Amino acid sequence: MSDQYQVFAKSPIGNFIIKNLGLPSPVELDRFEAPTPVIHGAVLLGAAPGSSLSADIAQILSNIHANSYAGNNSELQQVAARAGLTLSAFNEGDKESKFKAVVFDASGIQNSEQLHELYKFFNPIARQIQTSGRVIVVGLTPESAGSVQQAIAQRALEGFVKSVGKEFKKGIAAQLVYVDQAASANLESTLRFLLSPRSAYVSGQVIRVSKASVVDVDWSKPLAGKTVLVTGASRGIGEAIAHVMARDGAHVICLDVPQQQADLDRVAAEIGGSVLALDITAADAGEKIKAVTATQGGLDVIVHNAGITRDKTLANMKPELWDLVININLTAAERINDFLLNNDGLNENGRIICVSSISGIAGNLGQTNYAVSKAGVIGLVKFTAPMLKKGMTINAVAPGFIETQMTAAIPFAIREAGRRMNSMSQGGQPVDVAETIALFASAASTGLNGNIVRVCGQSLLGA
Ligand code: NAD
C-alpha cells in the first residue's frame, strides 16, 4: 500500500510545509540491490582502550572491502593493520568527511566512568553520518562480564544506541551487538547485515551473539543448497520472505491454506519453488511438512510466518475468535516444531524462525488474543533455544507497522499513527522483515540463538 504522506513529503512544496510545521519527515531508506558492496560509503571505526573485538571487526571490514577510516587511535590502527585492514586517517574536527556507518568497539569499557569513551568518540562526528546510515556499537554480553562494574557499564550501552536511534533522524539506524566471551568469530553475519541496506527498517535493537561453530558460506548466496519452508507464503510478508530466501539461493517450499492455491502457485512459479497447500492447524501438519521436505534432502529452515488477527475488545470477544488466533499464531507452530524436532525433521545446523509482533511486546487495544499469541511466540523462542542441539537455532522477528493487506485494513487514523510513531516516520516494507529473517536463516548465523529482533523502525510502542 502506498504512503501518500511520504510521497507528499518528497515534493518541494510538501517538504517546505512539513519543515515549517515541524511534522515527521520520512526519508527514502536505502534497500538491498546487490550483495556487493555490502555498504556504499565510508565506515568510521572506533574503539575504547583495551577493547577485544576490534581485530575481528577489522577482519570483517577487510572481507567486505569497506572504505574504512579511524581517528587518532594508534592501538586501533595497529590491531586493524594486523587484521589486514588499512584504516585511512580521519582528523577529528574535519567536518567535511561523511560516513555511511560508524562502528564502535565498546568491549573495553570496564566501569561507568569509562562510558565517557562513547561521548568522546561520537560527539565530534554526530552530524557527519549520511542519510540511511548506521551506528553500530559492539559490546560484551553483560552476563559474561568479568565484574559487576563491567556488567553495569556494558548494560548501559543500550540506553546510548536507543537514544541515538531517536536523535539522529535521516533514516539512520542504531544497534547494539552483544558478543559473548570467545564468540567474536561468530559476529560476521550480524555485522554484514547491520552495515548493509538489508537492515533498513531495523533500529534500536540489541542482538546477542553466542559462541558456536563457524560455518563458511558464499556470502552472495548464503542459502545455496538449502531447503526452506515458509508458511503463509501466498502474499504479504510471507511472499517477500519466499522471494528473499530464493534470491539467497534456497529451494523454497511455499505453504498456505488451500483457499490461497492460485496465489501460492504464482509465488512458487516466480521463484522456482514448490507448493504445499495445507492448513498449519491440521493435526498431521508436521508429518506432511516432513514428508514434502524429505524429497528435497530434508528441511534446513522453517519460517513460521502464517498468522491472523481477529480484533475485538475483550468484552466483545467471542471464544471462537480467541481460540482461532492462538491456535494459528502459536499452538500450530509449537506443534509443528515438536513433531520436527522429535522425528528428525530438521537437518543439522537447521533454523526455526518465528514471526512475533510488537503487539506481543507492547500489548494493543482490541488485540488481547493476538498479543497473547505473539507474546507466546517470544516464549516459544526463549524456552526452545537452550534445548536445541547440532547447531540448530530458533529466533524471531517482531514486525512493527508493515505495509501489507493486514495493515491496510486498519482504520485510517490508527493506521496513520502506526506509520509515523517510529524513528523512521514511515511504515516498513515486507522485504524488511524478510531480510531480517534471512539473517537468522543463514548457515553462518549459528551464533544467533534465542534472539527477538524488532523490525519496526524503532516504534515507540513497547520501546
Ligand atoms: P497476511 O494476512 O497478508 O498473510 C498471512 C498469510 O497467512 C495469508 O496468506 C494466510 O492465508 C496465511 N494463513 C493464515 N492462516 C493460515 C493457516 N491456518 N494455515 C496456513 N496459512 C495460513 O499477513 P501479513 O501482514 O503478511 O503477516 C504475516 C505475519 O506477520 C503474521 O504472522 C502477522 O501476525 C505478522 N505481523 C504482521 C505485521 C504487519 O504490519 N503486517 C506486523 C506484525 C506482525
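1. Polar pairing between the domains. Eight residue pairs are in polar contact between domain 1 and domain 2, counting pairs with both residues at pLDDT 80 or more. Three elements of domain 1 each supply at least two residues of the side that touches domain 2: helix H6 (148–167), helix H7 (188–195) and strand E7 (205–209). E7 gives the largest share of that side, five residues. By class, the side of domain 1 that touches domain 2 divides into 10 nonpolar, seven polar and four charged residues.

2. The model is predicted. The domain assignment of the protein chain gives domain 1 as 31–209 and domain 2 as 227–455. Their C-alpha centres lie 30 Å apart.

3. Extent of the interface. On the contact count, 21 residues of domain 1 meet 25 residues of domain 2. About 1900 Å² is buried between domain 1 and domain 2. Carbon and sulfur atoms give 57% of that area. Which residues of domain 1 lose the most area to domain 2? They are Arg31, Arg198 and Tyr201, together 37% of what the domain 1 side buries.

4. Charge pairing across the interface. The rule finds three salt bridges between domain 1 and domain 2. Separately, Arg198 forms a salt bridge with Asp248. The closest N and O atoms of Arg198 and Asp248 are 3.9 Å apart. The salt-bridge rule sets its limit at 4 Å, so this pair is counted.

5. How many salt bridges does the structure hold? The total is 18. One is formed by the side chains of Arg192 and Glu188, at 3.0 Å from N to O. Arg192 and Glu188 both lie in helix H7. They are four residues apart, about one turn of the helix. H7 is also one of the elements supplying at least two residues to the side of domain 1 that touches domain 2.

6. Polar atoms at the ligand. Ile237 takes part through its backbone, with a polar atom 2.8 Å from an oxygen atom of the ligand. Ser234 has a polar side-chain atom 3.2 Å from an oxygen atom of the ligand.

Notes: Residues numbered from 1 in each chain as written. Predicted model: local features only at pLDDT ≥ 70, side-chain atom pairs only at ≥ 80, totals over all residues. Heavy atoms only, no water. Domains from an automatic or database assignment. Contact = heavy atoms within 4.5 Å. Buried area = accessible area lost by both parts, 1.4 Å probe. Polar contact = N/O pair within 3.5 Å; in protein donor to acceptor, adjacent residues only side chain to side chain. Nonpolar A, V, L, I, M, F, W, Y, C, P; charged D, E, K, R; others polar.
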